[in-house]
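Have the model open as you read.

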Amino acid sequence: MDKFQEVKKTACSVSNISLEELDSRSRKRYIVDARRMVFSMAKDYLNMKILHIADKFNMNHASVIHHLKQHTDLMTSDIYYKDRFDKLVELYKQNISFINADELINEIKELKAENLRIESELIQKNND
């Protein structure tokens with residue numbers, strides 16, 4: 001399964017809809033929201049071009065641009081939408097072991113700090 005299909009499958013899971021519903025022409029809010037999240041993930045995480053995303057959904061590129069703008073607005077104004085999108089991102093990262101450089105650097109720093117703490121405790125116990 002390619003990464004785009006994985007994003008779609010994960011979005012369906014988070015939104016509790018089927019792939020058929022996601023790919024449909026339905027204008028129900030919860031289905032459109034899931035589709036909108038897939039557009040954003042495809043653009044930001046898979047680096048897909050807007051035209052390619054539009055082709056995958058048999059849509060006009062202007063519709064995808066509209067949904068990406070709506071996504072940006074919803075992320076700042078709709079807590080429920082933002083929570084679902086954050087859950088989608090987290091699930092997607094876990095499914096493909098995706099981690100960005102900043103997260104990796106922070107994780108390494110935390111592990112090094114933990115390692116130093118443990119070493120200090122061991123040295124202190126040996127000195128006692």
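Before we pick out any residue, a word on naming: helices here are DSSP runs of at least four residues, numbered from the N terminus. With that in hand, serine 15 is found in helix H1. Keep in mind that you're looking at a predicted model.

How far can you trust it? The protein averages a pLDDT of 91, and 95% of the residues score at least 70. Among the elements, helix H5 (residues 61-77) has the highest mean pLDDT, at 97, while helix H7 (residues 101-127) has the lowest, at 87. As a rule, where pLDDT is low, the predicted coordinates should not be read in detail.

Back to serine 15. Is it buried or exposed? Buried counts as under 20% relative accessible area, so serine 15, at 8% relative accessibility, falls on the buried side. Leaving aside residues up to four places away in sequence, serine 15 touches Ala34 and Arg84.

Now for the inside. In soluble globular proteins, nonpolar side chains tend to be buried together. Here the largest nonpolar core has 28 residues, and those with the most contacts inside it are Phe4, Leu22, Val38, Phe39, Met41, Phe57 and Leu88. Which elements give two or more residues to this core? They are helix H1 (3-15), helix H3 (29-44), helix H4 (50-56), H5 and helix H6 (79-96). H3 gives the most, with seven residues.

Two residues are worth a click. Leucine 22 touches Lys8, Cys12, Ile17, Ile31, Ala34, Arg35, Val38 and Phe57, again not counting residues up to four places away in sequence. Isoleucine 53 lies in helix H4, and at 0% relative accessibility isoleucine 53 counts as buried. Phenylalanine 39 sits 14 residues from isoleucine 53 along the chain, yet their C-alpha atoms are separated by 6.7 Å.

Finally, look at how H3 and H5 meet. Their axes are 9 Å apart and the packing angle is about 100°. Angles of 65 to 115 degrees count as roughly perpendicular, so that is how H3 and H5 lie to each other. On the H3 side, the contact uses Arg29, Val32, Asp33, Arg36, Phe39, Ser40 and Lys43; on the H5 side, Val64, His67, Leu68, Gln70, His71 and Leu74. By type, the residues of this contact divide into five nonpolar, four polar and four charged.

Conventions
Residues are numbered from 1 along each chain as its sequence is written. This is a predicted model: local features need pLDDT of at least 70, side-chain atom pairs count only at pLDDT 80 or more; totals for chains, interfaces and linings use all residues. Side-chain values use heavy atoms; hydrogens and water are left out. pLDDT is the predictor's confidence in each residue, from 0 to 100. A nonpolar core is a set of buried Ala, Val, Leu, Ile, Met, Phe, Trp, Tyr and Cys residues joined through side-chain atoms within 4.5 Å. Buried means under 20% relative accessible area, exposed over 50%, partly exposed in between (1.4 Å probe, protein chains only). Contact means heavy atoms within 4.5 Å. Axes are lines fitted to C-alpha atoms, for helices over the stretch in contact, and angles run from 0 to 180 degrees between N-to-C directions. Angles under 35 degrees count as roughly parallel, over 145 as roughly antiparallel, 65 to 115 as roughly perpendicular and the rest as oblique. Ala, Val, Leu, Ile, Met, Phe, Trp, Tyr, Cys and Pro count as nonpolar, Asp, Glu, Lys and Arg as charged, and the others, Gly among them, as polar.
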